[in-house]
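Biologist: I'd like to learn how to read a structure like this one, feature by feature. Can we go through it together?

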Amino acid sequence: MIYLDNAATTRVFDCAANAAVGAMTAEYFNPNATYKSGVLVREKLERDRKTIASIIGARPDELFFTSCATESNNWVFASGIKNKKGNIVITAGEHSSVYEPAMQLKSRGCDVRIAPLTKGGAVDADALCRLVDDSTALVSVIHVSNETGVINDIKRIAAAIKAKNPRTLIHSDGVQGLIKVGMPLRDSGVDFYSASAHKLGAPKGIGLLYIRNGINVSPLILGGGQERGLRSGTQNTPYIAAFAAAVDELSRQNDRNKISAIRADLCEFFAAHGCRAIGDGENSGYILCVCVPGAKAEILQNILHDKGIIVGKGAACSGAKRGNRVLEAMGIAAKDVECCVRISFFADTSADDALAAAQAIITAAKQIGSKYVK
Ligand code: PLP
């Protein structure tokens with residue numbers, strides 16, 4: 001099988017699966033128990049936190065484990081600005097786990113402002129800064145678009161926002177950027193950063209929220225006071241062990257130049273066949289959104305699936321919804337949005353597999369009668 005829907009989820013690394021099994025079957029004790037076996041599990045949990053923190057350039061006490069990035073994003077919107085009045089700025093390129101909490105605040109009377117995207121797929125940073133004023137409590141800017149792979153220069157954007165209003169808190173959804181784009185969080189200038197393990201070679205159901213040291217937030221989930229009182233619920237030690245193992249493995253395997261070269265070759269291949277890559281802003285290299293004119297992505301996806309090739313067609317979690325808010329915000333016509341296939345790579349993707357998938361897409365497009373594909 002050729003699997004190229006890694007922006008939706010990744011295969012779990014063997015080392016991560018083994019780490020989880022060990023924590024489930026041997027070191028299964030509650031990390032908050034006060035007897036020795038529990039204390040040892042707690043120590044392992046803190047070592048895992050430290051491993052992740054050192055690789056992503058944060059302090060261990062700035063990382064809070066959550067159930068997923070959707071929870072992390074919701075937490076920022078529910079709690080991060082709780083006592084702050086004022087407006088919120090998001091970009092038109094946000095994942096639904098940022099967009100929907102923002103819309104909920106809007107429906108409750110909060111002033112939510114949406115910064116436009118450029119045709120290239122990044123946020124229009126000048127337009128975003130113009131929306132920030134003395135009353136801006138929170139700005140949320142996705143690090144790498146899950147639709148196009150286009151990078152927002154969050155460091156530069158954060159500096160510009162803080163220059164305008166140093167009290168504004170800055171959040172970035174880093175699900176598609178962490179490790180892959182490689183930026184120490186301590187240098188990013190953001191106050192919050194969300195991540196999800198299943199995009200990095202670990203299981204689904206574990207994520208984290210980075211909260212810069214000194215930033216006060218209130219908990220989203222109340223209970224036993226785990227995670228220093230900010231995220232109750234017994235920590236998912238098997239998946240945290242897997243998360244740490246995967247982050248460690250991916251940080252060794254990650255070769256952005258190799259992946260970017262595979263992506264560039266595919267862009268050239270598709271262009272030669274009358275298809276265009278969507279979003280020409282700086283790219284992480286891991287995602288290629290390509291418009292195959294005259295061929296509906298859903299049909300292509302199913303034909304390819306029958307041949308053992310899996311590609312995506314936009315955010316899997318919004319798969320049931322029609323249209324695509326983010327691609328439309330880039331000015332892509334609705335008829336073209338329907339024809340956008342999302343091909344996404346991981347550390348182990350080979351150039352041969354990527355080319356085989358691209359060739360299969362062109363063959364399938366011709367098979368279903370696209371007049372535009374060459
Ligand atoms: N943010 C982005 C950019 C994503 O791509 C995804 C998942 O596709 C999420 C958030 C949600 O992550 P999770 O599945 O961990 O809730």
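Biologist: Let's start with P219: is P219 buried, partly exposed or exposed?

Modeller: Buried means under 20% relative accessible area, exposed means over 50%, and partly exposed is in between, with a 1.4 Å probe and protein chains only. P219 has a relative accessible area of 26%, so P219 is partly exposed. Keep in mind that this is a predicted model: local features need pLDDT of at least 70, side-chain atom pairs count only at pLDDT 80 or more, and totals for chains, interfaces and linings use all residues. Residues are numbered from 1 along each chain as its sequence is written, and side-chain values use heavy atoms, with hydrogens and water left out.

Biologist: Where in the fold is P219 found?

Modeller: Helices (H or I, at least four residues) and strands (E, at least two) are DSSP runs, numbered from the N terminus. P219 is in the loop between β8 (207-211) and α8 (237-253).

Biologist: And what does P219 touch?

Modeller: Contact means heavy atoms within 4.5 Å. Not counting residues up to four places away in sequence, P219 touches W75, S79, G229 and L230.

Biologist: Let me try another loop residue. Where is D133, and how exposed is D133?

Modeller: D133 is in the loop between α5 (125-131) and β5 (136-140). With a relative accessible area of 27%, D133 is partly exposed. Leaving aside neighbours within four places in sequence, D133 is in contact with N87, R113 and N165. The C-alpha atoms of D133 and I88 are separated by 10.0 Å, and these two are 45 residues apart along the chain.

Biologist: Now a strand residue, please. Is S196 buried or exposed?

Modeller: S196 counts as buried, at 4% relative accessibility. S196 has its place in strand β7 (residues 192-196). Beyond its neighbours within four places in sequence, S196 is in contact with A69, V175, I206 and G207.

Biologist: On to helices. How do I describe the packing of α1 and α8?

Modeller: Axes are lines fitted to C-alpha atoms, for helices over the stretch in contact, and angles run from 0 to 180 degrees between N-to-C directions. The axes of α1 and α8 come within 7 Å and cross at roughly 155°. That makes α1 roughly antiparallel to α8 (angles under 35 degrees count as roughly parallel, over 145 as roughly antiparallel, 65 to 115 as roughly perpendicular and the rest as oblique). The contact includes C15, A16 and A19 of α1 and T237, P238 and Y239 of α8.

Biologist: What is the handedness of that crossing of α1 and α8?

Modeller: A crossing is left-handed if the near helix is turned anticlockwise from the far one by less than a right angle, and right-handed if clockwise. α1 passes α8 in a right-handed crossing.

Biologist: What about α9 and α13?

Modeller: Helix α9 (residues 256-272) packs against α13 at an angle of about 25°, with the axes 10 Å apart. α9 and α13 are therefore roughly parallel to each other, and their crossing is right-handed. I262, L266, F269 and F270 are the residues of α9 that meet α13, where their partners include A351, A354 and L355.

Biologist: And how does α10 sit against α13?

Modeller: Helix α10 (residues 297-306) and α13 pack at about 120°, with their axes 10 Å apart. That makes α10 oblique to α13. On the α10 side, the contact is made by L300, I303 and L304.

Biologist: How many aromatic pairs are there?

Modeller: Rings of Phe, Tyr and Trp (its six-membered ring) pair if their centres lie within 6.5 Å; planes under 30 degrees apart count as stacked, over 60 as edge-to-face and the rest as tilted. A search of the whole structure finds five aromatic pairs. One of them is the tilted pair F13 and F346, 5.6 Å centre to centre with 35° between the planes. F13 lies in the loop between β1 (2-4) and α1 (14-25) and F346 in the loop between β12 (340-344) and α13 (351-367), so the pair ties together parts that are 333 residues apart in sequence. Both F13 and F346 are buried. F269 and F270 form an edge-to-face pair, 5.8 Å centre to centre with 75° between the planes. F269 counts as buried at 16% relative accessibility, and F270 is buried too, at 1%.

Biologist: Last one: which ring does the charged end of K180 sit over?

Modeller: A charge sits over a ring if NZ of Lys or CZ of Arg is within 6 Å of the ring centre and within 35 degrees of the ring normal. The charged end of K180 sits over the ring of Y286, 5.5 Å from its centre. R325 lies over the face of Y99, at 3.8 Å from the ring centre.
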